[in-house]
Amino acid sequence: MKTLFNHLIITLAALFITTSSAMAAEPLHLKQVLESIRDHHPDLQLNRIDRRIAMTESLNVEGMLDPTVSANIIASEEKVPVSSDFQASETRLGQFSGNIAKPLSNGGTLSANFTYNRIGNAYNSPFAAQLSRFNPSFKNQINASYRHPIFKGAGRPDYQQSMLAAEAGVDAARQQSLVTMHILSLQAISAFYQLAADDININIAQQAVKRSKKLLNYQRSREQFGLIEKADRLQAEALLAARKTGLQKAKAQRYNDQSSLNRLMLRPSAFEITIHPITARDIHAPSIADATEKALQFRPELQWLNAQMHVADAQLIMALDNDQVQLDVIAEVGTRALADSFGKGVTRGFEANDKRYYAALSFELSDVLGRKRVNAAIRKAELNRQRLKAQRIQVVEQINDDISSASSAISAGLPTLAYAKKQVVAEQRKFNAEMKRYRQGRSDTATLVQFEGELLNASLNAELQALSLQLAEKQLYWAQGSLLQDLGLNTAQLHNGDDTQ
């Protein structure tokens, strides 16, 4: 049994290693990096929860119009001293009352209440008790009323604006997801292109090692025939050792950068990554005006600020409404009933009778003296709007900086790349010519080593310059807020589960 278990463990380990190698062997695109971040990064997971929390606010606001129901039951007995036998010395009361009120979206409130009680009196004199028409008596009254605000609360701005603020809050939470993804995408392209630069460094270093090995072999053969001194061969060995050290440093740097990219994608740090070759494409100097116009349309920070401004506007309107005088008009109608039995007391309360009714029209005025709290709320709402406007100016300036930086990198990088390519050609010709002179005995080893180093630096500079232009282009797309769309990344995935409460 133990042997079978060991075989199973070995088989699973081999399967895991094979699967991991297959996954690592597949070249990784920048789009795949961003998709992995979009689907798994914890910051975005938190944003999804924040959106669901924001969506509950709409339900909370809708609850402002929920009807309220109340009921009350009272049973009491009271004995009091009396100065006359015709006064009740004992009163027994049983009462049931209920009320229902429904706030309306126009600011009014429709309500109805019902009160039913049974009153029984006791007298010291039996004769006095006979004079009481109903003992016990059953009373019933039903009222319906409508309260409508004239100034404060007219149109129910607390409900209307709270609903708008809740919707804007949901929109702001959605935009916050895009802001987070936007920030993470900049980290992703930096890490991705840094890894691509590491590959270039390793490739150039490997070429330098090959040239150094070839030179060392050539020097050894010449030393055997006594054509050069030992110092020339040692110089070639030192050059090879230096190039191997450079190669090892490049590999170590790549390992560190690979770890950073893996952690950004929430993968094991040692997971092997193969960068998909970045195809060279024609890059032209961009129009800053066009890039700025796109940024004002697509940058998620601006969309988030717009949503926050809607929230601030709603809060200001509600604060200004609270600054008004409270003047309500109340209309009431109702019925009244008095009977000597329970059944009659109930039914007569629902009978319309011009001899038993209640009607009233009243006005209710109230106001707050001092208004410190109201004025503070208004001032706070106004300052919030001012802060958002200042924050928008700050974001726009930062966007201009991002666009200018990427645009300058492209504009300055294009001629630099052209000259770097010409330098590589020139350095290669120079090195080839020097190698020919060296074989003819017309040059020394130190000069040859120097020329090889210059060729190495020129080749490395040209490839890195080409890569930096590709990175600058991606940074420009990022600065104008169109990177994810240009890569074909589905940002709707960020909002998955929004309907789940």
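**Exercise 1. Locate R211 among the helices, classify its accessibility, and give its C-alpha separation from N490.**

Step 1. R211 belongs to helix 5. Helices (DSSP runs of H or I, at least four residues) and strands (runs of E, at least two) are numbered from the N terminus. This is a predicted model in which local features need pLDDT of at least 70 and side-chain atom pairs count only at pLDDT 80 or more, while totals for chains, interfaces and linings use all residues. Residues are numbered from 1 along each chain as its sequence is written, and side-chain values use heavy atoms, with hydrogens and water left out.

Step 2. The relative accessibility of R211 is 21%, so R211 is partly exposed. The classes are buried (under 20% relative accessible area), exposed (over 50%) and partly exposed (in between), for a 1.4 Å probe and protein chains only.

Step 3. R211 and N490 stand 279 residues apart along the chain, and 47 Å separates their C-alpha atoms.

**Exercise 2. Describe the position of A238, its accessibility, and its separation from S212.**

Step 1. A238 is placed in helix 6, which spans residues 230-264.

Step 2. A relative accessibility of 46% makes A238 partly exposed.

Step 3. In sequence, A238 and S212 are 26 residues apart; in space, their C-alpha atoms are 9.3 Å apart.

**Exercise 3. Determine how many salt bridges the whole structure has, and examine the one between E237 and R220.**

Step 1. Side chains of opposite charge can pair when their charged atoms come close. A salt bridge here is a side-chain nitrogen of Lys or Arg within 4 Å of a carboxyl oxygen of Asp or Glu.

Step 2. The search of the whole structure gives 21 salt bridges.

Step 3. In the salt bridge of E237 with R220, the closest N and O atoms are 3.7 Å apart. This pair links distant parts of the chain, since E237 is in helix 6 and R220 is in helix 5 (residues 157-224), 17 residues apart.

Step 4. E237 has a relative accessible area of 26% and is therefore partly exposed. R220, with 38%, is partly exposed as well.

**Exercise 4. Describe how helix 5 packs with helix 8 and how the axes of helix 3 and helix 5 cross.**

Step 1. Two packed helices are described by the angle between their axes and the distance between the axes. Axes are lines fitted to C-alpha atoms, for helices over the stretch in contact, and angles run from 0 to 180 degrees between N-to-C directions.

Step 2. The axes of helix 5 and helix 8 are 8 Å apart, and the packing angle is about 160 degrees. Helix 5 is therefore roughly antiparallel to helix 8 (under 35 degrees is roughly parallel, over 145 roughly antiparallel, 65 to 115 roughly perpendicular and the rest oblique).

Step 3. Their contact consists of 13 nonpolar, 9 polar and 4 charged residues. Ala, Val, Leu, Ile, Met, Phe, Trp, Tyr, Cys and Pro count as nonpolar, Asp, Glu, Lys and Arg as charged, and the others, Gly among them, as polar.

Step 4. Helix 3 (residues 42-62) and helix 5 have axes that come within 8 Å and cross at roughly 175 degrees, so these two helices are roughly antiparallel. Their contact has 11 nonpolar, 7 polar and 6 charged residues.

**Exercise 5. Describe the packing of helix 10 and helix 11, and the residue classes in their contact.**

Step 1. Helix 10 and helix 11 (residues 445-479) have axes 7 Å apart and pack at an angle of about 155 degrees. The two helices are therefore roughly antiparallel to each other.

Step 2. The residues of this contact divide into 23 nonpolar, 10 polar and 8 charged.
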